[in-house]
Structure formats: C-alpha cells, structure tokens
Amino acid sequence: MRAVIVAIGVAFLISLFGTPIAIKVFTRLKAGQPIRAEGPAMHQGKKGTPTMGGVVFILATVIAYVAGHLALTTLPDAQIAQVEPTITALVLLGLMVFSGAVGFIDDFLKVRKRHSGGLNKRGKLAGQILVGAVFGAVAVYFPSSMTDVRGNATNTETVGSTTLSFIRDIPALEIGKVGAVIVIILVVMAATNGVNLTDGLDGLATGASVMVLAAYALIAFWQYRHWCADPNYTEAYCYTVRDPLEIALIAGAAAGACVGFLWWNTSPARIFMGDTGALGLGGLIAGMAMSTRTILLLPILGGLFVIVTMSVVIQIISFRTTGKRVFRMSPLQHHFELAGWSEVNIVVRFWIIAGIGVAVALGLFYSEFLAAVS
C-alpha cells in the first residue's frame, strides 16, 4: 500500500506543478487547439488554448511508477517481491505511452495545419491496431517467471488471458492466444475512441478517467491482497492474475496524475489534454481491463464512455439510413450544449453518470467475492 500511495502522491505533484510549465511552453510554441467550425458556437472562444497536455500526465505516470518501485524495496520479507520492473508494467505503460504517441501525431498535425483535421481516420485506426497488436502479443505470449523471497516460483501467469473475463476468467469462453490478441486490439480501439469522444468539454474526460482509474487501483489492490500467487493466501476464491500490485501502482499513479492535471483542465480550461491524453488514457484503461481479467466488466465501469460512443454510432446510423438526426449534435455532450445546458452542468452531471457506472461495477466485483467466499 505504501508504494501505491507514494506513486499517487508523486504523480499528483508532478502533474500539478508541471502542467503550468507545459502551458507556458505550448503557448510559446503556438500549439493552440483548432476548433471545428461546425461545432457549438460557444467553443470558438476556446480557440488557441494550448493542447497536447496529455504529455504531462503520461510523463508523470511513468516517473511515479519508478518512484513507487523505489518504495517497493522496503517491502517486508513475508511479502512477495515485486521490486524488479515487470512485463505487466511494460504492457500497461507501453499501451499508455504509444497510444498517446498516436494521439500526439494527430495533435501535432492539427497544430501544424491550423485545422481541426489531424491524422486521417485510417492512419489513426492503423496506429491503434498496431499498438494493440504489439502489446497484446506481449501480454499473451510472455508468462511470468516471478519468484518469492525464498526463490520459489509463485506465478507463471501472462498479463492477458486466453479466455474472456468478467470479474474473473470464464473458463467456458476459451478463445486461444490469437483470439486473445484480437480481443485486446478491439478493447484498445474501443477504449481509446471512447475516451477521445468524451473529451469535448473542460474536465469531462479527465474527471471520468480519474474515477475509472481509481476503481482499477482498488480492484487490483484487492486482487493483490487475495492473490493466488501468495503462498500465504491459497484459498479457492483467490484471484489468478499477474503482478496485481504493479497494476494498482500504475492505476493509482495515473489517477493521481489526472487529478493534478484537472486543476488546470477544469472549466475554464487553461490547457487541453488533446488526443495525446485521450488516446493515452484509453490505452491504459484497456490495459487495466485486460490485466485485471475484467474485460466484460469494462463497459459497466466505463459506462459514460460507452454512452457517449453509442450516441455517435446512433447518430451516424440514423442519418445514413433515414437522413434524420437523433441528437442535435454528437457526441452526446454537444447535444445538451445546444439544448441550453451550461458546460459546467453537463460536466458535473456526466461525472455523476460515470460515478454510477463505477459504483455498480465495484459492487458487482465485491459481491462476486462475497459469493465465492460463502
């Protein structure tokens, strides 16, 4: 727990004090956010606000992970050693950094062209598939060689599973290694685009991501406290996952970094996360679902992202089939803007929806544990 707290604190402080520096740097570089002409009229006042702020909390998360690992060196001998960096960390931070890199290219092209159209859809899709495929393969094909403090093998799990999972792996839904990589690619694509579509109002995606990441930190730490690899905890209801403390540490660090960023990103935002941050967070959230073996729980946990994404899908299908729009504008948050809701009201109410999804998912997770125990 000490390592997780250290990582959260370090990430928060780096993001809180590093974001103003990023604001000054991106302002000097004239890296302002272009605004779509067809978007809500009230957004034109945001034109020129620095973008690519996601660089700050991605960097803060990576540094905080290192700091958390330094704290792990003081773990009592009775606990399993997780001092050395693991494949789990490589996969999770890799998904965050390289998904963010795809977004960075998109943001860079927008700034350079002074136009809201950056990387084309095919290019962005190809980037997401490549990132998902590479780290999905690493997650599925490289088992752990972790040992306890006595040198005994304790965990030979892979980061990802070859079965679909809800709260645990579902043995009846075996999909094989190739199928698992394909599923991981799809989850990465869904999560990155879901967060990206939700990122349209000041603080909306940041606040929602904090809730989801905090939930994953709780889930992973609970799995660590009831871990099948722990020789002191071998009950039938333990969790078969790989490196859950690593997962909790990274999730906590990312949540702390987002809170620090939210200080400057809340309305009126002084900096936007851009596609850099949105795709980076989406990639990490996808990795969290994969590594905690809760892939089918993710649509509930990230319920707000699902709702916003579905609003876009419904709008496209309706317009192409009937020529009519269901919403005034999609994604959904812009529909309510055109309906007269203030930006702050929309953000807070959407945060409430995100919180409900997180609460329901955590309730399902814990109730399954109680059922297993009983």
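Let's start with tyrosine 216. In this predicted model, Tyr216 touches Ala251, Ile285, Met288, Ala289, Thr292, Thr294, Leu298 and Leu301, leaving aside residues up to four places away in sequence. Tyr216 also sits in the largest nonpolar core, which has 102 residues. Tyr216 and Phe57 have the most contacts inside that core. As a general point, nonpolar side chains in soluble globular proteins tend to be buried together.

Next, helix α8, residues 274-291. Is α8 buried or exposed? 18 of its 18 residues are buried, so the rest of the structure largely encloses this helix. At 1.5 Å a residue, 18 residues should span 26 Å, and the end C-alpha atoms of α8 are 26 Å apart. After α8 comes arginine 293, with a positive phi near 60°.

Now the backbone. Most residues other than glycine have a negative phi, and most peptide bonds are trans. So where are the exceptions? Take methionine 52. Its phi is positive, about 65°, and it is not a glycine. Met52 lies in the loop between α1 and α2. Met52 is buried, at 5% relative accessible area.

Aspartate 243 is another. Its phi is positive, about 55°. Asp243 lies in the loop between α6 and α7. Asp243 is buried as well, with a relative accessible area of 1%.

Last, the cis bonds. Serine 267 to proline 268 is cis, omega near -10°. Pro268 is in the loop between α7 and α8. Serine 330 to proline 331 is cis, omega near 5°. Pro331 is in the loop between α10 and α11.

How values were computed
Residues are numbered from 1 along each chain as its sequence is written. This is a predicted model: local features need pLDDT of at least 70, side-chain atom pairs count only at pLDDT 80 or more; totals for chains, interfaces and linings use all residues. Side-chain values use heavy atoms; hydrogens and water are left out. A nonpolar core is a set of buried Ala, Val, Leu, Ile, Met, Phe, Trp, Tyr and Cys residues joined through side-chain atoms within 4.5 Å. Buried means under 20% relative accessible area, exposed over 50%, partly exposed in between (1.4 Å probe, protein chains only). Contact means heavy atoms within 4.5 Å. Helices (H or I, at least four residues) and strands (E, at least two) are DSSP runs, numbered from the N terminus. The expected span of a helix is 1.5 Å times one less than its number of residues.
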